[in-house]
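The following note sets out points for a colleague to check against the coordinates. Please read it with the sequence and the structure side by side.

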Amino acid sequence: MLLIACPHCGSRAQTEFDYARTLDAIVPLDAAPEAAMTALYARTNPRGEDDELWRHSQGCRQFLVLRRHRVTHAILAVRAWEAM
Amino acid sequence: MSGASRRIGGGAADTLRFTFDGATYFARPGDTLAAALLANGVTLVARSFKYHRPRGIMAAGVEEPNALVTVGTGARTTPNTRATDVFVYDGLVARSQNAWPGLRFDLGTVLGLAAPVFASGFYYKTFLGPPSLWMFYEKFIRRAAGLGKPPTLADADRYEHRAAFCDVLVVGSGPAGLAAAKAAAEAGKRVLLAEQDAVLGGSLLRDGGDLAVVAETVAAIEAAGGRVLARTTASGVWDHALVTCVEHLIEPGQSGPLAQRLWHVRARRIVAATGAIERPLTFANNDRPGVMLSQAVRSYARRFGVLPGQRAVIVTNNDDAYRTAEAIAEAGGTVVAILDTRGAPSVPSAFNVVTGMTDVSARGGKHGLSGVDVVAGGRAQRFKADLLAMSGGFTPAVHLHSHGAGKLDWRADIQAFVPGETLQPMTSIGAAAGAVAALDGVPATLGKPKASFVDFQNDVTAADIDLAWQEGYRSVEHLKRYTTLGMATDQGKTSNMAALARLAGAAGARIPEAGLTTFRPPYVPLTLGALAGPDGGGHGAPTRRIALYDRHAALNPLWQPLGYWHRPRAYPAPGETLAQAALREARAVRNAVGIVDVSTLAKFMVTGPDAAALLEIVCATGVAKLGIGRGRYTFMLREDGMVMDDGTVWRLGEHRYLLTSSTGGAQRMEAHLAYAQRVLAPQLRASIVDTQEHFAGIALAGPLARAVLEDLMASAAPAHMGASEGPIAGVPVLVLAASYSGERAFEIYAAGHDAGPVWDALEAAVRARAGCPYGLEALEFLRIEKGYVVVGGEVDGRTTAHDLGLEKMMRKAGGYIGASALERPTLAAPDRLQLVGLEAERGDIAEGAMLVPIDGERVEGHVTAAAMRIDTGASIALALLAGGRMRAGERLVASSPTRGKQVRVHVVALHFYDPQGLRYRD
């Protein structure tokens, strides 16, 4: 069970959060059909670090970006989601 | 039947009364069941899993592979309990397992005679023949092989979960663990010390002499603020230094207010002082009662005051077992010989030492050990003995380190794996880190492979490992699964290394090259109740009560669980079946008026200057063109273009909208709206408030609904798809004119805690006009004959708006979630499952039935919802059919083999009733 350092609430157990998706799986509203399909079905899925969108649903309910190593589960960084 | 008492003189009185297989014995406080049985001269305690060989007690700790018993009775029956891991209490009831009619005379021994048939992998090679014959064989195989029988009553024990946080978690209270905990606590760290045993001290309890130092150290730890948990096993290490620990507050079979507590410990640092597990030696009949691990003999002698035999032979490949000889002599026993596999021992000894052994065989059976036969230096010798203490070296207990994905390093000097690198903040110390007796090379098999046991609990011999190798199962993972070694409840604690040694030998490799299988939690078996904790007995899921629960309960409805909610399914009159009640209620709605509780619908207030823009991102229909006080049906797509949910949207003010959607999708819709707003369109100025639980909702439907409403509100009812506000019975309500039933209807929303009088007023008015409350079943009949879809039925996540016939409502300008995915070719395939109506020629269409051609078997669709026509009772259904939009008029069979129903159907249009909506349009 991961320990996630929410920037607003401090370190909390994984059960307080919902995993949403990897950042490269966000389909922008104005995406062309090709780009939408790539984001939905052809993600990079690296055997290493990746940026993920999570939500602290049982806490501050804000969206967060976690940089997590998908094999070791080490969490390298957590920041509040900000629109690019 | 028991032999003479083996209690060493002195010590406390045996005051605890217990029974084993019906015979009464007495134990000393602090005894494990194993110690107490040995003290009473009971050497036969079990029959082995496959061959039903007589077995006794081999170890003194949780690594015990043989002495599995059932402890407790009734709802507290606990099978497969290691006799070494239960502390005797007054009134303890224990029984042997896997023996019939009894331990002494067990018919299962016949299987031992047929042993060659039951070698590893036998079930792949024997009992061949037609499947029906296998079902016959299986009955006997199941009865013959086995462990204990599970209890048939619900668990009477209570369990708790608790979270704890500390700077340092020390696992194990042997000399290393105690020292670490004391140092950390005195340095100001928050310390938690977990010890699996009931008593602290670890190896000090058998080799430590004066135990006062243990008590002093514990006192020092507690004085410095540390917390000490005895009878608490660290069961698993998880991500980010989370350690689950199981604390036993009472012993198996005992009754008490709380049986076990599962700790979730988040530590900054974990110190594993888990010790090492002694290895048996592999020789002929090493599984006989009377053959024990050498350190276990010391534990029994020094900690429990029990000598398991009077004439002992010690068999060893290391120096540690020499200490056992001393302990036996101290206790008044005779050490007949120390048999050392090494060329020359390194420890001076007063005992008869025989070196250079090449063959050892134990002699004995269900009555105990009678002797040991040895070949050493070419010479055969026989020793008369009733106790054989064996030591094959020591295996550091690296399980917790491995749970945390730590690497293992090989140390040839002790022929063992020790903890290596780890990403967890975890250190292993003491014997767990490799501080154990040195070994002189790879331990060999000292007897006939067929009779030399490696995995005692699963009856795996050295010959089985050879057979696996011969048959090509050469990777350690294949070896494990083919022979089942290491797969018993002891997880190979006493068998892994001997197996690896033999595998490496066959491969001509060193042990580390042979590999090692992965240790996984739990470290020892744990009961499911501990994992359930307070969530057992139905408490794991909250019961969500609708605001008007009491009003419905008074009418005795049939309740329908929907996720955590309960909604009335129907209100049957005495003697009415569900179908009769539902038809009656549905007819009341069609002919007069009815009320149904719709409080569980998801409801969201969306406000702000960009509220409409946000809604147009989520909804695939128009929203922005709604006038104030107007609403419409809407649906929402997933990003891949499939319909995800549906509902209604209402404009209540300039910048104020109410969105409703399905009950089951409420949590998903909340997350979806938040994602749309915060991630996809954060520039929009809109706020979303989840009001699902705030509003209670009552739908008033039927040709008399408008009359009822205007009566109660003393004002004109809103037009179709209009909204208005006003009071009913003095309570402010929101009225939305929408119909799901197909009649003119009004959804009436009031704040939940105020809604009672609203329901009362509506119910009275409805009944006065020969109407009644209706439930979900009637609602299904009503909506099915209107062809309306439901989320979870027709909207199953695989259908597009086009498949459902809703494509005309979609916004041509796009811009909604899912729009970009709509162009892909697969969504235009002509054989997609599409929504159709079905009419039965004769009989009742079964919900879920498969649609097949009249004279074929190819499944072309399925029935999503079935009902009776409210006016005629004829059987109709909604279905998803491949290419259905082009197949009106076709005849098919709705086939349900599991219910034995085959019904011929016609494919018809969706709208069986009032296709033009004349019943509610203005």
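**Notes on the predicted model**

1. Leu107(B) is partly exposed, with a relative accessible area of 43%; in this note buried means under 20% relative accessible area, exposed over 50% and partly exposed in between, with a 1.4 Å probe and protein chains only. Leu107(B) sits in the loop between strand E7 (92-96) and helix H2 (109-113) of chain B. Helices (H or I, at least four residues) and strands (E, at least two) are DSSP runs, numbered from the N terminus. Leaving aside neighbours within four places in sequence, Leu107(B) is in contact with Trp100(B) and Pro101(B), contact meaning heavy atoms within 4.5 Å.

2. Residues are numbered from 1 along each chain as its sequence is written, chains are lettered from A and ligands numbered from 1 in the order in which they are written, and side-chain values use heavy atoms, with hydrogens and water left out.

3. The interface comes next. In chain B, 24 residues are in contact with 26 residues of chain A. The two chains bury about 2200 Å² between them, 58% of it on carbon and sulfur atoms; buried area is the accessible area (1.4 Å probe) that two parts lose on being put together, summed over both. On the side of chain B, His240(B), Arg678(B) and Ser820(B) lose the most area to chain A, together 26% of what that side buries.

4. Which polar and charged pairs cross this interface? There are three salt bridges between chain B and chain A, a salt bridge being a side-chain nitrogen of Lys or Arg within 4 Å of a carboxyl oxygen of Asp or Glu. Arg21(A) and Glu639(B) meet in a salt bridge, at 2.7 Å from N to O. Helix H19 (residues 666-680) of chain B gives the most to the side of chain B that touches chain A, with seven residues.

5. Over all chains, the whole structure has 66 salt bridges. Arg82(B) and Asp85(B) form a salt bridge with their closest N and O atoms 3.1 Å apart, and both residues are buried. Arg298(B) forms a salt bridge with Asp320(B), again with the closest N and O atoms 3.1 Å apart. This pair links distant parts of the chain, with Arg298(B) in helix H8 (residues 294-302) and Asp320(B) in the loop between strand E16 (311-316) and helix H9 (321-330) of chain B, 22 residues apart. Arg298(B) is buried at 0% relative accessibility, and Asp320(B) is buried at 10%.

6. The side chains of Arg590(B) and Glu785(B) meet in a salt bridge of 2.8 Å, N to O. Arg590(B) lies in helix H17 (residues 578-591) and Glu785(B) in the loop between helix H22 (776-784) and strand E42 (833-840) of chain B, so the pair ties together parts that are 195 residues apart in sequence. Both Arg590(B) and Glu785(B) are buried.

7. The structure holds zero disulfides over all chains, a disulfide being a pair of cysteine sulfur atoms within 2.5 Å. For Cys60(A), the nearest cysteine sulfur, that of Cys6(A), is 3.7 Å away.

8. Backbone geometry deserves a check. Most residues other than glycine have a negative phi, and most peptide bonds are trans. A cis peptide bond joins Pro521(B) and Pro522(B), with omega about 0 degrees. Phi is positive at Gln491(B), near 50 degrees, and at Ala770(B), near 65 degrees. Gln491(B) is partly exposed at 21% relative accessibility, whereas Ala770(B) is exposed at 63%.

Technical notes:
This is a predicted model: local features need pLDDT of at least 70, side-chain atom pairs count only at pLDDT 80 or more; totals for chains, interfaces and linings use all residues.
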